[in-house]
Amino acid sequence: MDKKLEEASLTVGKVAKRCGVKVSTLHFYEEKGLIRSWRNQGNQRRYKAEVLRRVSVIKAAKKMGVSLQEIKQAFASLPNNRTPDSADWEKLASSWRESLNARIHYLENLRDHLSGCIGCGCLSLKRCPLYNKDDELSAEGVGPVILEKKAIEPA
Ligand code: FES
């Protein structure tokens with residue numbers, strides 16, 4: 001084992017601590033093919049520093065409701081034989097931009113319209129009859145129909 005590589009590599013504990021995740025989570029991400037490690041002479045897992053970015057992007061994306069499957073698809077655009085550079089990450093970012101913008105737009109709508117009638121059928125707010133008389137919106141969809149409609153309106 002290349003001594004320099006061994007020294008530059010990170011233990012699973014260090015990665016877990018720096019990223020704020022459990023060791024078991026790293027094992028899970030590895031099982032799912034989202035991150036990779038290798039084994040040193042002591043058969044211990046070792047990671048390149050770039051794994052910190054991958055795990056951090058996974059955490060951030062999951063907070064935005066991006067599924068592990070979507071993350072895996074996006075990570076497939078990253079090179080496996082070298083540390084991804086900013087051009088690689090830009091490529092990934094642009095593939096995600098549209099879906100992230102849609103999520104941001106939806107969250108903004110939720111933030112801006114949660115105090116009003118969301119068209120869910122509860123008719124529990126004073127203004128519900130104004131926006132959803134006798135739950136007429138149930139004919140148009142399920143769940144928070146008003147929020148869903150606003151989500152597809154251009155931002
Ligand atoms: S908030 Fe539920 S129908 Fe208005």
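**Exercise 1. Find which residues line the largest pocket of this predicted model and lie nearest its centre.**

Solution. Step 1: count the lining, which comes to 16 residues for the largest pocket. Step 2: pick out those nearest the centre, namely Ile-35, Arg-36, Glu-50, Arg-54 and Asn-80. Step 3: assign the lining to elements; helix 4 (50-63) and helix 5 (68-75) are the ones that give two or more residues. Helix 4 provides the largest share, three residues.

**Exercise 2. State how much space lies in the largest pocket and describe its lining by class.**

Solution. Step 1: the space in this pocket is about 340 Å³. Step 2: sort the lining residues by class, which gives eight nonpolar, three polar and five charged.

**Exercise 3. Determine how helix 4 and helix 5 are oriented to each other.**

Solution. Step 1: two packed helices are described by the angle between their axes and the distance between the axes. Step 2: for helix 4 and helix 5 the angle is about 140°, and the axes are 10 Å apart. Step 3: angles over 145 degrees would count as roughly antiparallel, and 65 to 115 as roughly perpendicular. Helix 4 and helix 5 are therefore oblique to each other.

**Exercise 4. List the residues that make the contact between helix 4 and helix 5, and sort them by class.**

Solution. Step 1: helix 4 contributes Arg-54, Val-57, Ile-58, Ala-61 and Lys-62. Step 2: helix 5 contributes Leu-68, Ile-71 and Phe-75. Step 3: by class, this contact has six nonpolar residues, two charged and no polar ones. Step 4: compare with the pocket; Arg-54 of helix 4 takes part in the contact and is also among the residues nearest the pocket centre.

Notes:
Residues numbered from 1 in each chain as written. Predicted model: local features only at pLDDT ≥ 70, side-chain atom pairs only at ≥ 80, totals over all residues. Heavy atoms only, no water. 1 Å grid on protein atoms, 1.4 Å probe; cavity = no way out; pocket = protein on both sides within 12 Å on 5 of 7 lines; lining within 4 Å. Points joined across faces, edges and corners; volume = space filled by probe spheres on them. Helix = DSSP H or I, 4+ residues; strand = E, 2+ residues; numbered from the N terminus. Nonpolar A, V, L, I, M, F, W, Y, C, P; charged D, E, K, R; others polar. Axes fitted to C-alpha atoms, helices over the stretch in contact; angles between N-to-C directions. Parallel < 35°, antiparallel > 145°, perpendicular 65-115°, else oblique. Contact = heavy atoms within 4.5 Å.
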